[in-house]
Amino acid sequence: MIEVEVKLKISDPEKIKEQLTDMGFIESARLKMQDVYFDNNAGQIRGGDSALRIRETMDLDSGEKIAQMNFKGPKSDWISMTRPEHEMIIDSAPTGQKILESLGFFAVRPFVIKTREELKFGDMTACFDSVEGLGEFLELEKIVESELQREDALEMIKAVLKIIGFDIKNTLTTSYLSLLQKKSDM
């Protein structure tokens, strides 16, 4: 599967939520997430523009927790965060971390901790992320099955951006982890 995604820093999430709700987006989840990224000593994962992570998610309404292992391949273009993604549910985040460490991977610091509010409209998701140490962001994403569907999905996302007063030029192509690492280097 391919995750077609754009991300932008925002200053007024409530206004944007209202705009998206007016378009037909419906609130679907409130989550607390912790992402732990991994690499090997040669730096092949991040150096190859990829990401390997363990994500632990708690549903803030039900209290239910799940853990996932994700691998995101290199970005498909330079204007979005679009990339192939593979994920699976795992028994627990600590168990997943131990398996990866046993295979020679290590956790990359800092961990990414965020509160996420998701809104859905058909198969498009709007994620309002409040990232510890970084602030407020909006991600618009659509999952597609093939490269042939990628451009159409990106055009749909661009149309939503335009309606809420943004342009693809306003988006970021840097991960939360990289943004946090840049901030800690200053």
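Modeller: Here is the helix first, then its ring pair, then the fold and its cores. The model is predicted: local features need pLDDT of at least 70, side-chain atom pairs count only at pLDDT 80 or more, and totals for chains, interfaces and linings use all residues. Residues are numbered from 1 along each chain as its sequence is written, and side-chain values use heavy atoms, with hydrogens and water left out.

Start with helix α5, residues 176–185. Helices (H or I, at least four residues) and strands (E, at least two) are DSSP runs, numbered from the N terminus. Y176, L177, L179, L180 and Q181 are buried in α5. Buried means under 20% relative accessible area, exposed over 50%, and partly exposed in between, with a 1.4 Å probe and protein chains only. What do the buried residues of α5 pack against? They meet β1 (2–9), β2 (26–39), α2 (44–47), β6 (106–121), β7 (124–131) and β8 (135–144). Contact means heavy atoms within 4.5 Å.

Now the rings. A search of the whole structure finds two aromatic pairs. Rings of Phe, Tyr and Trp (its six-membered ring) pair if their centres lie within 6.5 Å; planes under 30 degrees apart count as stacked, over 60 as edge-to-face and the rest as tilted. The ring centres of F137 and Y176 are 5.1 Å apart and the planes stand at 65 degrees, so this pair is edge-to-face. F137 belongs to strand β8 and Y176 to helix α5, so the pair ties together parts that are 39 residues apart in sequence. F137 and Y176 are both buried.

Each of these rings also has a lysine over it. K7 lies over the face of Y176, 3.9 Å from the ring centre. The charged end of K9 sits over the ring of F137, at 4.8 Å from its centre. The test asks for NZ of Lys or CZ of Arg within 6 Å of the ring centre and within 35 degrees of the ring normal.

Next, the setting. The protein has five helices and eight strands. From the N terminus, the elements run β-α-β-α-β-β-β-α-β-β-β-α-α. Of the 186 residues, 46% count as buried. Among contacts between residues at least 6 apart in sequence, 63% join residues at least 24 apart.

Then the cores. A nonpolar core is a set of buried Ala, Val, Leu, Ile, Met, Phe, Trp, Tyr and Cys residues joined through side-chain atoms within 4.5 Å. The largest has 22 residues; L20, A126, F128, L138 and L140 have the most contacts inside it. Elements giving two or more residues to this core are β1, α1 (13–23), β7, β8 and α4 (147–163). The most come from α4, with five residues. L138 touches V6, K7, L8, I10, I16, A126, C127, F128 and I164, leaving aside residues up to four places away in sequence.

I26 and A126 are 100 residues apart in sequence, yet 9.5 Å apart in space, C-alpha to C-alpha.
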